[in-house]
Amino acid sequence: MKWSHVAKHWHAFVPNILTEWPDLDADEVEATEGELGPFLDHLCEVTGMSREDARDEVSEWLEGTDPADAMMDETRDNERIIASARSIHPSEDVYSDDAAFGDDDSKEERD
């Protein structure tokens with residue numbers, strides 16, 4: 001994943017970032033608005049690591065913890081579904097009708 005994707009969806013990624021680096025201040029993280037420089041500054045300030053080490057940690061986090069073949073392992077599907085719940089915004093209705101996205105046929109088309 002690229003940082004530009006994280007920045008574009010910043011508020012959705014903040015909970016995952018705080019899970020990865022629990023010592024960070026949530027308000028400070030939110031205030032960076034997804035800009036990498038200010039985020040790295042805050043990470044360095046809180047953890048005491050160098051900017052280069054902080055950048056390396058962020059790069060590793062962006063790569064993910066599992067290789068692609070492990071992520072595609074169907075025996076881990078339930079684990080992935082449960083983990084994905086962390087990325088759902090609290091105001092989002094997970095039970096809402098997805099027909100608006102165009103991936104569901106209307107009832108008339110199925111009959």
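The following paragraphs lead through a predicted model of a protein, from its overall fold to its core and then to its surface.

The protein contains eight helices and zero strands. Along the sequence, the elements accordingly read α-α-α-α-α-α-α-α. The chain has 111 residues, of which 21% are buried. Its accessible surface amounts to about 8,400 Å², and carbon and sulfur atoms contribute 49% of that area. Among contacts with a separation of 6 or more, 31% join residues 24 or more positions apart.

The interior may be considered next. In soluble globular proteins, nonpolar side chains tend to be buried together. The largest nonpolar core of this model has 18 residues, and the members that touch the most others are W3, W10, I17, W21, F39, V58 and W61. Two or more residues of this core come from each of the helices α1 (3–8), α2 (10–20), α4 (36–47) and α5 (51–63).

An α-helix has 3.6 residues a turn, so residues three or four places apart point the same way. N16, which is found in helix α2, counts as buried because its relative accessibility is 18%, and the limit for buried residues is under 20%. Setting aside residues up to four places away in sequence, N16 touches W61, R86 and S87.

The structure holds six aromatic pairs. One of them joins W3 and W10: the ring centres are 5.7 Å apart and the planes lie at 55°, so this pair is tilted. W3 is buried, at 12% relative accessibility, and W10 is also buried, with a relative accessible area of 3%. Another pair is formed by W10 and F39, whose ring centres are 6.0 Å apart and whose planes stand at 75°, so the arrangement is edge-to-face. This second pair links distant parts of the chain, since W10 belongs to helix α2 and F39 to helix α4, 29 residues apart. Both W10 and F39 are buried. One aromatic cluster comprises W3, W10, F13, W21, F39 and W61.

The surroundings of W3 extend beyond these rings. Apart from neighbours within four places in sequence, W3 is in contact with W10, G34, E35, L36, F39, V58, W61 and L62.

K8 lies in helix α1 and is exposed, with a relative accessible area of 67%. The C-alpha atoms of K8 and E33 are 9.1 Å apart in space, although the two residues are 25 positions apart in sequence. E33 is found in the loop between α3 and α4. With a relative accessibility of 47%, E33 counts as partly exposed.

I88, V94 and Y95 form a nonpolar patch on the surface, and together they present about 350 Å² of accessible area. V94 is partly exposed, its relative accessible area being 48%.

Notes
Residues are numbered from 1 along each chain as its sequence is written. This is a predicted model: local features need pLDDT of at least 70, side-chain atom pairs count only at pLDDT 80 or more; totals for chains, interfaces and linings use all residues. Side-chain values use heavy atoms; hydrogens and water are left out. Patches are made of residues with over 30% relative accessible area and no salt bridge: like charges are joined within 9 Å, nonpolar side chains (Val, Leu, Ile, Met, Phe, Trp, Tyr) within 5 Å. Accessible areas come from the Shrake-Rupley method with a 1.4 Å probe; for residues, only the protein chains shown count as cover. A salt bridge is a side-chain nitrogen of Lys or Arg within 4 Å of a carboxyl oxygen of Asp or Glu. Buried means under 20% relative accessible area, exposed over 50%, partly exposed in between (1.4 Å probe, protein chains only). A nonpolar core is a set of buried Ala, Val, Leu, Ile, Met, Phe, Trp, Tyr and Cys residues joined through side-chain atoms within 4.5 Å. Helices (H or I, at least four residues) and strands (E, at least two) are DSSP runs, numbered from the N terminus. Contact means heavy atoms within 4.5 Å. Rings of Phe, Tyr and Trp (its six-membered ring) pair if their centres lie within 6.5 Å; planes under 30 degrees apart count as stacked, over 60 as edge-to-face and the rest as tilted.
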